[in-house]
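Please read them with the structure open.

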Amino acid sequence: MATLALNGGKAAREKPFVGWPVFDEAEEEVLLKVLRSGKWWRFAFGQGVELTEPEEGEHSQVALFQKEFAEYHECKYGIAGANGTGTLEIGIRAMDLGIGDEIIVPAYTYVASATCVLQNNLVPIFVDVDPDTYNIDPDRIEEAITDRTRAIMVVHFGGQPVDMDRITAIAARHGLAVIEDAAHAHGCEWKGKKAGSMSLFSSFSFQAAKNMTAGEGGILLTDDEAFAAECDSMVWSGRRIGRPWYEFHRLGWNYRMTEFQGAILRVQLSRLEEQILHRELLGDYLSTLLGEIDGVSPLVRDERTTRHGYHIYMFRYDESSVGVPKQKFIDALEAEGVPGFGGYTFPLYRNPMFGNKKFINGGFPLGTEYHEDIDYALFAAKCPVSERACNTEAVWLPQNIFLGSTEDMDDVAEAIKKVLDNRNEL
Ligand SMILES: Cc1ncc(COP(=O)(O)O)c(C=O)c1O
């Protein structure tokens with residue numbers, strides 16, 4: 001039996017994995033071009049911003065990126081923003097819902113999936129996730145629908161699309177909108193259809209860890225022209241295309257993306273297809289290897305997922321059968337040279353803000369005439385899968401290690417096996 005690296009033994013993996021972000025002279029070149037042009041923001045190209053059909057030449061990089069990213073994702077309109085939190089927020093604002101209306105969100109997700117709801121004076125209602133995919137569980141959605149529910153937000157978690165057949169059918173039955181938080185799902189597909197193209201609007205993130213990045217950034221996609229125009233206006237402080245610069249038509253924000261971000265993202269987009277195929281190959285290969293190791297199991301890839309982005313590769317650790325706390329296992333794995341991570345430390349509703357209700361003007365709209373107060377602690381009993389995933393089960397691996405070789409995956413599986421074989425040392 002080998003000694004664990006945590007206890008001074010030789011690590012299973014000593015070489016570094018592929019790093020992130022991936023970039024080369026192409027990014028350097030476009031960045032310099034923007035720099036030297038002196039046109040660092042979209043306004044430098046005039047007050048009107050093309051929603052469609054910008055042409056090459058002296059054009060805004062952001063406008064070109066919007067068009068290219070939307071086209072790649074089979075959507076008509078793209079509205080770029082400063083980050084994915086912002087594009088989620090303005091999309092919901094453009095729905096013009098009533099104060100205290102409810103939006104269903106998964107319990108296992110990043111905070112932005114719920115804050116975009118609260119920032120619009122709406123109420124997030126959490127629904128548990130599926131134990132096989134960690135995506136929102138369609139079997140648990142209908143019990144959460146009330147007469148105030150207006151939309152179901154899905155998150156294509158880790159890059160595996162949600163079962164959009166079920167979601168679309170539930171939404172249609174109850175007259176609800178669907179929103180896709182596609183922050184993890186660049187280029188992913190459900191039954192050959194691009195994630196982000198199957199709802200009223202979707203929102204992507206280009207934050208530093210994402211599968212395409214400019215450090216920060218976001219984009220909203222939609223097929224609805226009037227909706228796109230509203231969102232475009234809100235990103236631009238409430239201005240309207242074709243109207244004078246000092247005319248503000250609705251409450252807006254400055255959530256604009258810079259030309260530097262737009263230029264980098266166009267290059268990142270050109271690499272997406274190749275990278276996604278690479279990650280997919282290695283992610284699937286690792287799942288085969290992990291399927292043969294007792295004590296861990298890969299998440300299930302739905303056979304209708306035609307493109308899995310593996311933005312976060314997740315596997316399930318069986319803490320009770322192994323008999324070692326999840327964090328201890330992860331520490332040992334890290335010492336072996338594999339960057340495991342426990343992910344969310346608790347489901348979203350357990351965060352302090354859902355206890356102290358420091359929303360807008362206090363707990364608004366909860367506990368007012370618009371909506372009765374909600375005790376978010378009660379969601380714990382309704383979301384056992386999210387609780388388990390956070391506490392004992394989910395282990396995450398970052399997307400960049402899936403840009404390497406099958407030998408890298410052999411090393412990951414070997415390291416996991418080594419830790420499990422030597423669990424008595426922990
Ligand atoms: C599921 C999910 N939604 C939304 C966001 C927000 O994106 P951003 O960080 O660009 O604001 C993230 C970012 O981590 C995310 O993971």
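**Notes on the predicted model**

1. Five bridges join strand S4 to strand S5 (residues 177–181), and the two strands run parallel. Within this pairing, Val 154 stands opposite Glu 180 in S5. The chain gets from S4 to S5 through helix H5 (residues 164–174), and this β-α-β crossover is right-handed. Bear in mind that the model is predicted.

2. S4 also pairs with strand S2 (residues 102–106), again in the parallel sense, over three bridges. Here Ile 104 stands opposite Ile 152 in S4.

3. How far is strand S4 enclosed by the rest of the structure? Strand S4 covers residues 149–155, and six of its seven residues are buried, so the strand is largely enclosed. The cut-off behind "buried" is 20 or more other C-beta atoms within 10 Å of the residue's own.

4. The ligand has 14 residues around it, and those that come nearest are Gly 84, Thr 85, Tyr 110, Ala 183 and Ser 205. Two helices, H3 (84–94) and H4 (112–118), each supply at least two residues of this shell.

5. Phe 379 deserves a separate entry. The residue is found in helix H11 (residues 379–382). With 22 other C-beta atoms within 10 Å, Phe 379 is buried, because the cut-off is 20 or more. Leaving out residues up to four places away in sequence, Phe 379 touches Ala 107, Phe 126 and Tyr 349. Glu 414 lies 35 residues from Phe 379 in sequence, and the two are 38 Å apart in space, C-alpha to C-alpha.

6. There is also an open sheet of three strands, with the order S10-S12-S13 and antiparallel pairing. Strands S10 (296–298) and S13 (394–398) stand at the edges; each has a single partner strand, so one side of each is left without a neighbour in the sheet. On average, neighbouring strands of this sheet are turned by 35 degrees against each other, direction ignored.

7. In that sheet, strand S12 (residues 312–317) is joined to S13 by five bridges, and the two run antiparallel. Met 314 stands opposite Trp 396 in S13.

8. Which helix lies across S10 and S12? That is helix H7 (residues 259–290), which runs at about 145 degrees to S10.

Notes
Residues are numbered from 1 along each chain as its sequence is written. This is a predicted model: local features need pLDDT of at least 70, side-chain atom pairs count only at pLDDT 80 or more; totals for chains, interfaces and linings use all residues. A residue is buried if 20 or more other C-beta atoms lie within 10 Å of its own, exposed if 12 or fewer, and partly exposed in between; C-beta atoms are placed from the backbone. Helices (H or I, at least four residues) and strands (E, at least two) are DSSP runs, numbered from the N terminus. Two strands pair if DSSP finds at least two bridges between them. A crossover is right-handed if, with the strands pointing away from the viewer, the path from the first strand over the helix to the second runs clockwise. A residue is near a molecule or strand if its C-beta atom, placed from the backbone, lies within 6 Å of it. Two residues are in contact if their C-beta atoms, placed from the backbone, lie within 7 Å. Axes are lines fitted to C-alpha atoms, for helices over the stretch in contact, and angles run from 0 to 180 degrees between N-to-C directions.
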